[in-house]
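Please look over the sequence and the model, then read the points below.

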Amino acid sequence: MSAIDGLPPLRAVIAAHGLSAKKALGQNFLLDLNLTAKIARAAGDLSGADVLEIGPGPGGLTRGLLAEGARHVLAVEKDARCLPALAEIAAAWPGRLTVLNADALEIDPLAHLRPPVKVVANLPYNVGTELLVRWLTPPDWPPFWQSLTLMFQREVAERITAQPGGKAYGRLAILAQWRCEARIVMRLPPEAFTPAPKVDSAVVHLTALPAPRFPADPAVLERVVAAAFNQRRKMLRASLKGLAPDIEDRLRAVGIAPTERAEQVPIEGFCALARALAG
Ligand code: SAM
């Protein structure tokens, strides 16, 4: 890709700008531009879309997104040391890259984005799940984004895409799959990153559905799911007893045996229970 954007290889960029990786910022960089282009392609056609990227770092994925045709990229980076490297990318793609030097947890990027918006990021592991939960729980649905293409630790990626019946299935799977199509599109070994993290990683692609799969009030559903999985080894009649005195009857009324455990109940069942408990 350096041939396409005329920019130096990422190792040279990192050396030139002294970007030694900081663990506290979750800095594990992707230096292979073929790989970053592949991640950008996993987000689908970018040509008519604005892309929100969190944590561009030295800009490997940013270069991939621009080369794959993103209409505009808004990149939010906390580490000011990365700004000169990102300015070089902005100069190579005039008018198509805006960089905000900010903490992604503190800012609202919406003012800078024009729909349709796709979020694509190799997230810092320490804030990845929090950002995902925020993106999955907006005040209104559909959300501001059309899709999320995000790198996570493999274990988190598996929790997002898990099906009922296993240990990985829980709050994150229900939150994600209630209103999105979610699948793992790429798996990466530690050596794909510099420095190499201790764990495997995976890219998850989530597409926002126009409406939830099953009706439910989001706040009630969240309460039910949180209670059910906080004590996931208990039977539902025990873990949910704080939600209603007649919880056993309510469970039976929606076709769930009170002796079942949370991980056996599909999303449809939790939504039915949330409806039964609403009001
Ligand atoms: N995208 C680059 C890549 O793929 O090589 C870097 C990914 S690295 C895993 C995570 C990046 O997120 C780092 O550049 C780090 O400085 C940045 N970062 C960490 N916490 C952040 C926060 N709260 N807000 C914005 N950026 C953050």
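**Residue V119 and the model**

V119 counts as buried because its relative accessibility is 0%; buried means under 20% relative accessible area, exposed over 50%, and partly exposed in between, with a 1.4 Å probe and protein chains only. The model is predicted, so local features need pLDDT of at least 70 and side-chain atom pairs count only at pLDDT 80 or more, while totals for chains, interfaces and linings use all residues. Residues are numbered from 1 along each chain as its sequence is written, and side-chain values use heavy atoms, with hydrogens and water left out.

**Surroundings of V119**

- V119 sits in strand β5, which covers residues 117-122; helices (H or I, at least four residues) and strands (E, at least two) are DSSP runs numbered from the N terminus.
- Apart from neighbours within four places in sequence, V119 is in contact with L52, W135, F144, W145, S147, L148, T149 and L150, where contact means heavy atoms within 4.5 Å.
- V119 and L150 are 31 residues apart in sequence, and their C-alpha atoms are 7.7 Å apart in space.

**The chain as a whole**

- The protein chain has 12 helices and 9 strands.
- Taken along the principal axes, the C-alpha atoms fill a box of roughly 65 × 35 × 30 Å.
- Of the 279 residues, 49% count as buried.
- Among contacts between residues at least 6 apart in sequence, 70% join residues at least 24 apart.
- The accessible surface comes to about 12600 Å², and 53% of this belongs to carbon and sulfur atoms. Accessible areas come from the Shrake-Rupley method with a 1.4 Å probe, and for residues only the protein chains shown count as cover.
- The chain carries 32 positive and 27 negative charges, whose mean positions are 4 Å apart. Lys and Arg count as positive and Asp and Glu as negative, without His and the chain ends; the place of a charge is NZ of Lys, CZ of Arg, CG of Asp or CD of Glu.

**Nonpolar cores**

- In soluble globular proteins, nonpolar side chains tend to be buried together.
- The largest nonpolar core has 35 residues, of which W135, I160 and L206 touch the most other members. A nonpolar core is a set of buried Ala, Val, Leu, Ile, Met, Phe, Trp, Tyr and Cys residues joined through side-chain atoms within 4.5 Å.
- Helix α6 (residues 125-136) gives the most to this core, namely 6 residues.
- A second, separate core holds 34 residues, including L33, L65, A70 and C82.
- Not counting residues up to four places away in sequence, L206 touches several residues, among them L132, L136, W145, I160, A176 and C180.

**Cis peptide bonds**

- Most residues other than glycine have a negative phi, and most peptide bonds are trans.
- The peptide bond from P115 to P116 is cis, with omega near 0°, and P116 lies in the loop between β4 (97-101) and β5.
- W141 and P142 are also joined by a cis peptide bond, with omega about 0°; P142 is in the loop between α6 and β6 (145-153).

**Three further residues**

- W178 belongs to helix α8 (residues 171-179) and is buried, with a relative accessible area of 3%.
- Beyond its neighbours within four places in sequence, W178 is in contact with residues including L209, P212, F214, P218, L221 and I267. W178 and P218 are 40 residues apart along the chain, with 9.9 Å between their C-alpha atoms.
- L61 is in helix α4 (residues 60-67) and is buried, at a relative accessible area of 4%.
- Not counting residues up to four places away in sequence, L61 touches T36, I39, A40, E53, V120, A121 and N122.
- A253 is in helix α11 (residues 247-253) and is exposed, with a relative accessible area of 66%. A253 and P189 are 64 residues apart in sequence and 46 Å apart in space, C-alpha to C-alpha.
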